[in-house]
Every structure is written in structure tokens, then in C-alpha cells.
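Here are a few exercises to work through with the model open in your viewer. Try each task before reading its solution.

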Amino acid sequence: GYSSLIEIKADVPGADYRAVEDQINSFGDRLGRTRKILLIGPEFRNTLEREPEKGHWRRFEKRLKASRITPCESRASLLKALGL
């Protein structure tokens with residue numbers, strides 16, 4: 001079976017989205033077979049989409065996918081990610 005690691009972020013700490021992904025990966029690596037989920041508040045996405053020409057949100061989504069981290073923005077998407 002898998003364990004689940006759920007990280008919750010209301011906003012991007014210091015506007016560094018890479019640190020968020022790195023943090024989840026480091027915890028997940030220590031726990032073995034882990035389903036990694038990032039539950040984000042609306043301000044998190046708003047921060048990364050503030051300057052769309054820079055593509056921060058798009059790059060963040062790609063980094064999460066490459067690291068097998070499931071982003072969730074609602075209760076419904078979190079329950080789905082957990083298979084509930």
C-alpha cells in the first residue's frame with residue numbers, strides 16, 4: 001500500500017514555487033512509496049498567475065507532474081486524489 005503525504009500551502013512562501021516542490025519531494029523520498037499531494041489555497045495560484053507572461057504557474061504545474069505530485073485546489077479534488 002501507499003501512504004499519503006499532503007502538504008497544504010495558502011500562498012507561495014517568498015514567491016519561490018520551486019522550494020514548495022522541493023520540500024514535498026524531500027519528505028516523500030524519506031517515506032518510501034508515497035502518494036504526494038499539494039493542497040493549495042486560491043492565493044497560491046493567484047500569486048503565480050500574477051504575471052502570466054513569466055509563465056510561473058505553467059512551469060510549476062510541469063514541475064509537479066514531473067515529480068508525481070498531485071495539485072489540488074478544492075475539497076473535491078483532494079478527495080479524488082485520495083481515491084475517496
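Two strands pair if DSSP finds at least two bridges between them; helices (H or I, at least four residues) and strands (E, at least two) are DSSP runs, numbered from the N terminus. This is a predicted model, so to speak of local features pLDDT must be at least 70, side-chain atom pairs count only at pLDDT 80 or more, and totals for chains, interfaces and linings use all residues. Residues are numbered from 1 along each chain as its sequence is written, and side-chain values use heavy atoms, with hydrogens and water left out.

**Exercise 1. Work out how strand β2 pairs with β1 and with β3.**

Start with β3 (residues 69-72): four bridges connect this strand to β2, and the two run parallel. Next, take β1 (residues 3-9), which pairs with β2 in the parallel sense over seven bridges. Here E7 has L38 as its bridge partner in β2.

**Exercise 2. Decide whether β2 is enclosed or open.**

**Exercise 3. Find the aromatic pairs and say how their rings are arranged.**

F44 belongs to helix α2 (residues 42-49) and F60 to helix α3 (residues 56-66), so the pair links distant parts of the chain, 16 residues apart. W57 and F60 make a tilted pair too, at 5.9 Å centre to centre and 45 degrees between the planes. These two are three residues apart in α3, which means about one helical turn separates them. Put together, the ring pairs link F44, W57 and F60 into a cluster. As for burial, F44 and F60 are both buried, and W57 is buried as well.

**Exercise 4. Is T47 buried or exposed, and what does it touch outside its sequence neighbourhood?**

Locate T47 in helix α2. Its relative accessibility is 17%, so T47 counts as buried. Now list contacts (heavy atoms within 4.5 Å): skipping neighbours within four places in sequence, T47 is in contact with D11 and V12.

Note on methods
Phe/Tyr/Trp six-rings, centres within 6.5 Å; stacked < 30°, edge-to-face > 60°. Buried < 20%, exposed > 50% of the residue type's maximum accessible area, 1.4 Å probe, protein only.
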